[in-house]
Amino acid sequence: MTVAVVGGGISGLVVAWRLRSRGRDAVLLETTPRLGGAVGTRAQQGFLLETGPNSFLDREPAMRELASALNLEHRIRAADGAAKRRYVYTRGKLRSVPASPPAFLKSDILPFGAKLRVMGELFSGRAAPGVDESLADFGRRHLGATATQVLLDAVQTGIFAGDVEKLSVGATFPPLVKLEREHRSLLLGAIQAQKDQKAQATARAKALPAGSTAPKLSGALSTFEGGLGTLIDALGTALGDAARTGATVEGLTRGDDGWRLAVSERGQRSELKASSVVLAAPAYVTRGLLEPLDAELAARVGGIDYAPIAVVHLGFDAGTTPAPDGFGFLVPPMEKRRLLGAIHASTVFPFRVEAGRVLYTCMVGGATRPDLVALDEAELVTLAREELKALAGVTATPTLTEVFRWKRGIPQYNLGHLERMDGVDRALTRLPGLHLAGNAYKGVGLNDCIRNGLLLADALVDAGA
């Protein structure tokens with residue numbers, strides 16, 4: 001019998017592709033007309049526009065493995081060197097984020113007293129065992145209040161667009177918790193981690209068979225030639241007719257011989273039998289499918305919050321505005337601005353624009369300003385233009401404007417998320433053959449979704465599910 005994968009975002013695509021590549025029959029059911037979910041690329045008026053995520057860090061072996069299997073490895077494009085420079089808007093101006101401890105001491109990113117407090121991190125203590133601490137509380141203990149507001153909050157904004165007082169540090173940044181647990185001080189732990197990484201890399205190289213080489217992961221910010229939509233298109237092509245768009249799963253039932261899915265497809269209703277089901281739809285959709293099966297599980301999954309996001313692209317003709325420097329900038333919520341940040345898309349990936357053009361990708365909304373996402377498209381464009389003028393001095397008139405709105409954009413790993421996931425895992429044992437996948441659970445990034453999707457598919461094949 002087949003494995004039914006419900007949801008055609010990146011997680012569902014990867015699970016279905018891996019199952020089929022390992023010889024298992026699998027079908028993917030996506031309710032919308034297109035695959036990819038929030039991941040997609042649009043070509044318009046000489047610009048390549050990303051609908052959601054813009055890039056990934058080339059440090060995940062699973063991403064490289066997937067790209068290689070799809071014959072896309074040669075199409076990976078690293079960001080321009082200028083993208084290494086990043087900025088934070090604080091104290092009335094854009095300030096460069098230092099790239100090293102010596103540069104930090106010389107920088108103006110924080111007031112002098114706040115920098116001294118960061119250096120005092122060497123004397124930080126550990127949190128009490130078993131405490132689910134907010135990212136804000138964790139940051140204040142280690143870095144002080146100002147560095148938490150300016151730097152740590154900006155970092156999480158670029159990933160989660162969340163509320164630093166509500167996000168769980170253990171769920172959002174587990175490596176930080178691991179450093180604290182093992183080394184007490186984050187600075188001491190980071191120094192030791194660098195030494196360990198070098199030693200591990202050397203050991204892995206020595207352990208390789210003669211004549212072979214380890215996968216070359218650049219660690220650089222990267223995308224694909226043609227944008228991230230290239231990956232979605234390749235997965236869709238590989239799945240072929242096994243990926244069915246316009247197919248809505250209206251209900252699930254479990255019997256002695258597996259699972260039955262009630263499917264509505266282009267006005268026709270049918271029943272699909274499956275040995276296993278992978279629910280890779282957003283958590284709020286998954287909740288509705290789980291409710292008749294297990295109310296407790298459905299409540300846990302449905303309790304995951306999402307931050308709304310509007311992605312506003314502003315494209316400028318060559319010569320109308322200077323090319324911006326660096327990757328872009330983030331705006332900490334403490335600044336009370338209407339922009340979360342902006343990516344200098346044409347600087348980071350010059351191939352995404354025709355020669356000389358400039359593309360800004362602005363982010364609006366998030367957990368702290370969800371009301372802004374409800375503005376109409378013209379208002380969002382006006383907001384982005386006004387904020388770019390105030391924060392970055394951009395006064396030119398864009399020749400291209402495009403808005404992609406995600407009313408439920410980024411899952412929020414708020415306090416209690418790890419306990420919630422433990423409860424989800426326990427509840428799933430009551431429903432053999434049912435599995436969850438997606439960015440709502442154990443990693444929001446593109447790399448996380450790909451790694452977890454491959455692991456789940458491999459586990460299903462190895463277990464004969």
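Begin by selecting F349: with a relative accessibility of 2%, this residue counts as buried (under 20% relative accessible area; over 50% is exposed and the range between is partly exposed, using a 1.4 Å probe and protein chains only). The model is predicted, so local features require a pLDDT of at least 70 and side-chain atom pairs count only at pLDDT 80 or more, while totals for chains, interfaces and linings use all residues. Residues are numbered from 1 along each chain as its sequence is written, and side-chain values use heavy atoms, with hydrogens and water left out.

**Aromatic pairs**

Next, display the rings of Phe, Tyr and Trp (for Trp, the six-membered ring); two rings pair if their centres lie within 6.5 Å, and planes under 30 degrees apart are called stacked, over 60 edge-to-face, and the rest tilted. The structure holds six such pairs. In one of them, F56 and F224, the ring centres are 5.5 Å apart and the planes stand at 40°, so the pair is tilted. F56 belongs to strand β5 (residues 56-57) and F224 to strand β9 (residues 221-224), so this pair ties together parts that are 168 residues apart in sequence. Element names refer to DSSP runs numbered from the N terminus: helices are H or I runs of at least four residues, and strands are E runs of at least two. F56 is buried at 3% relative accessibility, and F224 is buried at 0%. Return now to F349 and F351: they form a tilted aromatic pair, 6.0 Å centre to centre, with 55° between the planes. Then select F160, F173 and Y413, which ring pairs link into a cluster.

**The sheet around β9**

Which strands form the open sheet here? The order is β5-β9-β6, with antiparallel pairing; strands pair if DSSP finds at least two bridges between them. β5 and β6 (76-78) are at the edges with a single partner strand each, so one side of each has no neighbour in the sheet. Two bridges join β5 and β9, and L57 has L221 as its bridge partner in β9. Between β6 and β9 there are three bridges, and the partner of R77 in β9 is T223. In a regular strand, side chains alternate between the two faces of the sheet. On β9, L221 and T223 point one way, S222 and F224 point the other way, and all are buried.

**Charges over rings**

Select R86 with F327, then R408 with Y284. A charge sits over a ring if NZ of Lys or CZ of Arg is within 6 Å of the ring centre and within 35 degrees of the ring normal. R86 lies over the face of F327, 4.2 Å from the ring centre. The charged end of R408 is placed over the ring of Y284, also at 4.2 Å from its centre.

**Nonpolar cores**

A nonpolar core is a set of buried Ala, Val, Leu, Ile, Met, Phe, Trp, Tyr and Cys residues joined through side-chain atoms within 4.5 Å. The largest has 40 residues, and those with the most contacts inside it include F224, V5 and I450. Elements giving two or more residues to this core include β1, α1 (10-21) and α16 (446-462). The most comes from α16, with eight residues. Centre the view on I450: beyond its neighbours within four places in sequence, I450 contacts I10, V14, A62, M63, L66 and L231, where contact means heavy atoms within 4.5 Å. Apart from this core lies another, of 31 residues, among them V6, L290, V301 and M421.

**Helix α11**

Select α11 (residues 283-290), whose buried residues are A283, T286, L289 and L290. They cover an arc of only 110° around the axis, which puts them on the same side of α11; the arc is that of the directions from the helix axis to the C-beta atoms. They pack against elements including β1 (2-6), α12 (295-302) and β19 (434-436).

**V88**

Finish at V88 in strand β7 (residues 86-90). V88 is buried at 4% relative accessible area. Leaving out residues up to four places away in sequence, its contacts include K93, V97, I109, V150 and L330. The C-alpha atoms of V88 and A67 are 33 Å apart, although 21 residues separate them along the chain.
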